[in-house]
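Hi there,

Here is the structure I promised to pass on. Have a look at it first, and then read on for my notes.

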Amino acid sequence: MCVFRMKRGQKRGDKVEEGGGSVSGPGPGAPEVCKRLRRGDSEEREQEDGAVDWGRLPEEILLQIFQYLPLLDRAFASQVCRGWNQAFHMPELWRCFEFELNQPASSYLKATHPDLIKQIIKRHSNHLQYVSFKVDSSTESAEAACDILSQLVNCSLKTLGLISTARPSFMELPKSHFISALTVVFVNSKSLSSLKIDDTPVDDPSLKVLVANNSDTLKLLKMSSCPHVSPAGILCVADQCHGLRELALNYHLLSDELLLALSSERHVHLEHLRIDVVSENPGQQFHSIKKSSWDAMVRHSPKFNLVMYFFLYEDEFGPFFRDEVPVTHLYFGRSVSKEVLGRVGLTCPRLVELVVCANGLRPLDEELIRIAERCKQLSAIGLGECEVSCSAFVEFVKMCGGRLSQLSIMEEVLVPDNKYGLDDIHWEVSKHLGRVWFPDMMPTW
Amino acid sequence: MVVNSVHWFRKGLRLHDNPALQETLNGADTVRFLLESLEDLDTSLRKLNSRLFVVRGQPTDVFPRLFKEWNVTRLTFEYDSEPYGKERDAAIIKMAQEYGVETMVRNTHTLYNPDRIIEMNNHSPPLTFKRFQAIVNRLELPRKPLPTITQEQMARCRTQISDNHDEHYGVPSLEELGFKTQGDSSHVWKGGETEALERLNKHLDRKAWVANFERPRITAQSLFASPTGLSPYLRFGCLSCRVFYYNLRDLYMKLRRRSSPPLSLFGQLLWREFFYTAATNNPNFDRMEGNPICVQIPWDHNPEALAKWAEGRTGFPWIDAIMTQLRQEGWIHHLARHAVACFLTRGDLWISWESGMKVFEELLLDADWSVNAGSWMWLSCSAFFQQFFHCYCPVGFGRRTDPSGDYIRRYIPKLKDYPNRYIYEPWNAPESVQKAANCIVGVDYPKPMINHAESSRLNIERMKQVYQQLSHYRGLSLLASVPTIQEEAEPPMSDDSQASSSTAAVCNYTP
């Protein structure tokens, strides 16, 4: 067997793995392997002692090896000889690329080298298929991303992701600048399947362009917090893109029409729908969605996951949890009242995961018990700044039993009572769960 | 044969249960505390016909000179388990050998020798507190503390003290070291062993009176510095952790008549122990890059925002009050630490925990290297398998902790006339209220520097992105994004004697 030291492809900014090495010396069986893979018209010349000529490895092998190398090592390898340099530029190696755009003033992370970016645009733009841009909080990085996008004219992308790793810098750009760059991709790709454009200034007209060119292929669209899109804009997408399986957007874009469009006969089964409900100003009013629209969704896509993230003030929950809603994953990112949690128990029969960031200092005993009773699918729960009496908590766990695969409770949540103290509650809970369990702790120093 | 012995004080600034002097001179308050501790030590030594010798310079420069001048034959000091300490001490021990000086090192800064705990955990430090507790549960009790050095013991020794001792070897003042003092000597936390032991007694008295060893739930009162607080004294070694441990233990057993106290009684001490153990073999423990236990998170680099946080100008009274107390007094309650750490890192500003750690290092009296770095990693969800879903609201958390708003009024006097309804979010107060309170937001007090709902929404997405890449998990669950705690599924620990807390060994978790 050939002896190579291979490393899995790593993204930059991941944990640093020590030890450089890419390729080590030839092993005992090398000639055999190369003989088997030798092509008819190549001119391999074996040396006297049977060792292989590393400069003349077949392309298939080089490709395999290079695919395992992280980009930097691959670049080093490409400097070794002309043959390896050519291999470095094989189209297959340029199908996926993640552009990391960071400025030293705003990020600790390294950035993709500008020369490499130039090379990619020059030689590989027509090979790129799965592309993402990771951008830090500086406007320059967002601009650089748009620059690159505008030059991808020969590109037929399948996936595109615009990811802000800190503050959403795409929002600082002049809207037209961003839109024209994005439109280049929409128009040229024609087979976009996955698009992640959260926190960008995308607007209704550009969505129309997206739809006009990619309606047959679009499967995933993530556009949370895109303030320039209107409900009509997203409705256009739902109406035309019948293959859409995953959608993420803000609540203000959700409408009865949208849900009905997603449940129309021609539409495939929806798999995931993620909705962010965010309050811009205290006392904001939110519209409600009819129960019949949700029912249509469930009928059409019985297995779909509805993920809802709430970032509201306590008194803004008026229109929510009045009627049955098919939510499966529910997250309350701010304080949510006891009363609303009580309503959750009554209206969310499909609930699988519940995460409560904070509630306040009134025990949630009744509410939790009700959720255990009514939400028979519940398998994961997380409680932050809340209070639950130990007895009620044990009762809750008893009722849910082994179906609770994730039970993440901050230690401060549990209030000792006459039946259980903090030191023995974990035994009781572990007993009913069928595995060892402890609450989550925070350092107290 | 005459033994000429030098005891090198580093962290253990006490005469009880002692064998070691800290050189990290950071913030002025920390230095003041340190100098007070040295003065106290000097005073105690004087009563025993000895003195403290403060020698300035690097140990590697100073010791050769002292070895010769004083004809030293023995050097003693307290073991320092931190990576930098180990390196420094190894060099000193080697040098001492060259000079024919015998070195004796004792481990008394922590309850256990961290290496022992590591050995018991299959040769790696426990990375969850549960695992750590399980191991400690199986260990023998920490070694009993030694009593205070007595007159009789010292009578056998003779210290050569010159007339101009104070000039050459006296404890320096803050001014001499280049710090400006406000001239205000009424500090909340007075340094020194004497003060530490007094506080210990008061602490125990209070526990006995309350007859309650449960962790007290936080009240508004807890936010203010307590006259029985002990953490800075543990950090500087003015109080021996073992003395604290055994005093607590003995009191508990006396009052409760039970065979042995639960581990939770020693919470504070064990957290300290946990971080010391985690850090001892990791010289990169205090940074993200190159730190094998730290998640690489794309934090933002924003010096302006960092300054606002550090100086208590965020526009969120809860955060600003905490940072003000920290700057003025050098101590804040642990829940207050959670609040400001979360705000700086994963909650709101998305700034690196390393920046926060450095600010705490400067301002916080009980921030030692291991505990400070470890806690910051913990609170920013950068290590130790933390769930990141719960975010402390800079308005709500404060309000729930202290509905009266007195804490805010004390540390941000500008806001004292705000009604309770608006004191945590003054920007929401109508103009009339602001005028009546004589404090206009944006003029007399800063506007809030971020929109919390927006920031927390963004940040939970960021954390999710990071964690999903780590565990190659592509699911929807917010909770399951955290990598599973593999420790719990590992084979049982090396010492399999008692079955008391063998919980960590057998369990089936769902990945």
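In which sense do strand S4 and strand S5 of chain A pair, and over how many bridges? Before the answer, please keep in mind that this is a predicted model.

Strand S4 (residues 194-196) and strand S5 (residues 220-222) of chain A run parallel, and three bridges join them. Within this pair, Lys196(A) lies opposite Lys222(A) of S5(A). Both strands belong to an open sheet of 12 strands in chain A, ordered S1-S2-S3-S4-S5-S6-S7-S8-S9-S10-S11-S13, with parallel pairing. From one strand to the next, the twist averages 10 degrees.

Now for the interface. Chain A contributes 73 residues to the contact and chain B contributes 66. Together the two chains bury about 6,200 Å², with 56% of that on carbon and sulfur atoms. Six salt bridges are found across the interface of chain B and chain A; one of them links the side chains of Arg400(B) and Glu385(A), at 2.5 Å from N to O. There are also 17 residue pairs in polar contact across this interface.

On the side of chain B that touches chain A, the elements giving two or more residues include helix H5 (129-138), helix H17 (396-401) and helix H21 (452-471) of chain B. H21(B) gives the most, with 12 residues. By type, the residues on this side of chain B are 28 nonpolar, 25 polar and 13 charged.

Enjoy exploring it!

Best wishes

Note on methods:
Residues are numbered from 1 along each chain as its sequence is written. Chains are lettered from A and ligands numbered from 1 in the order in which they are written. This is a predicted model: local features need pLDDT of at least 70, side-chain atom pairs count only at pLDDT 80 or more; totals for chains, interfaces and linings use all residues. Side-chain values use heavy atoms; hydrogens and water are left out. Contact means heavy atoms within 4.5 Å. Buried area is the accessible area (1.4 Å probe) that two parts lose on being put together, summed over both. A salt bridge is a side-chain nitrogen of Lys or Arg within 4 Å of a carboxyl oxygen of Asp or Glu. A polar contact is a pair of N or O atoms within 3.5 Å; within protein, one must be able to donate a hydrogen and the other to accept it, and residues adjacent in sequence count only if both atoms are side-chain atoms. Helices (H or I, at least four residues) and strands (E, at least two) are DSSP runs, numbered from the N terminus. Ala, Val, Leu, Ile, Met, Phe, Trp, Tyr, Cys and Pro count as nonpolar, Asp, Glu, Lys and Arg as charged, and the others, Gly among them, as polar. Two strands pair if DSSP finds at least two bridges between them. Axes are lines fitted to C-alpha atoms, for helices over the stretch in contact, and angles run from 0 to 180 degrees between N-to-C directions.
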